[in-house]
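Please look over the sequence and the 3D structure below.

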Amino acid sequence: MARGNGKRYEEAFKMETVKYITVNNKSVAQVAREVGVNENTLYSWVKKYGQQPEIKAVQSFSSAEPELRALQKEMRDLKEA
């Protein structure tokens with residue numbers, strides 16, 4: 001019994017797809033539909049490439065954005081008070 005559809009993807013495509021998920025804060029399922037890759041395949045790419053330095057840098061940057069917005073709001077509120 002054959003496994004999967006036999007498609008092979010280049011490493012650069014895999015890494016860019018994982019980075020795209022991270023930067024745009026999209027779900028794996030949504031991106032899987034957008035790029036035409038099986039959702040389980042995409043989850044394995046996230047697991048494999050999500051720890052790459054260039055992707056981790058994007059993750060830490062994007063995870064700091066909500067905190068930055070909250071601090072900016074707090075500063076505005078304090079200035080108004």
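## Salt bridges

The structure holds three salt bridges. A salt bridge here is a side-chain nitrogen of Lys or Arg within 4 Å of a carboxyl oxygen of Asp or Glu. Side chains of opposite charge can pair when their charged atoms come close. This is a predicted model, in which local features need pLDDT of at least 70 and side-chain atom pairs count only at pLDDT 80 or more, while totals for chains, interfaces and linings use all residues. Residues are numbered from 1 along each chain as its sequence is written, and side-chain values use heavy atoms, with hydrogens and water left out.

Helices are DSSP runs of H or I with at least four residues, and they are numbered from the N terminus. Glutamate 34 pairs with lysine 26, and their closest N and O atoms are 3.0 Å apart. Aspartate 77 pairs with lysine 73 at 2.9 Å between the closest N and O atoms. Both aspartate 77 and lysine 73 belong to helix H4 (residues 53-80), where they sit four residues apart, about one turn of the helix.

## Exposure of the paired residues

In the salt bridge of glutamate 34 with lysine 26, glutamate 34 is partly exposed at 39%, and lysine 26 is partly exposed at 24%. Aspartate 77 is partly exposed at 37%, and lysine 73 is partly exposed at 45%.

## Contacts of lysine 14

Lysine 14 lies in helix H1. Not counting residues up to four places away in sequence, lysine 14 touches Tyr9, Trp45 and Tyr49. Contact means heavy atoms within 4.5 Å.

## Packing of H2 and H3

Helix H2 (residues 28-35) packs with helix H3 (residues 39-49) at an angle of about 115°, and their axes are 9 Å apart. Axes are lines fitted to C-alpha atoms, for helices over the stretch in contact, and angles run from 0 to 180 degrees between N-to-C directions.

On the H2 side, Val28, Ala29, Val31 and Ala32 meet Glu39, Leu42, Tyr43 and Val46 of H3. By class, this contact has seven nonpolar, no polar and one charged residues.

## The nonpolar core

Which residues make up the largest nonpolar core? The nine are Val18, Ile21, Val28, Val31, Ala32, Val37, Leu42, Trp45 and Tyr49. Such a core is a set of buried Ala, Val, Leu, Ile, Met, Phe, Trp, Tyr and Cys residues joined through side-chain atoms within 4.5 Å. H1, H2 and H3 are the elements that give two or more residues to this core.

Valine 18 is placed in helix H1 and is buried, with a relative accessible area of 1%. Valine 18 and tyrosine 43 are 25 residues apart in sequence, and their C-alpha atoms are 9.0 Å apart in space. Valine 31 is in contact with Thr17, Tyr20, Ile21, Lys26 and Leu42, leaving aside neighbours within four places in sequence.

Conventions. Ala, Val, Leu, Ile, Met, Phe, Trp, Tyr, Cys and Pro count as nonpolar, Asp, Glu, Lys and Arg as charged, and the others, Gly among them, as polar. Buried means under 20% relative accessible area, exposed over 50%, partly exposed in between (1.4 Å probe, protein chains only).
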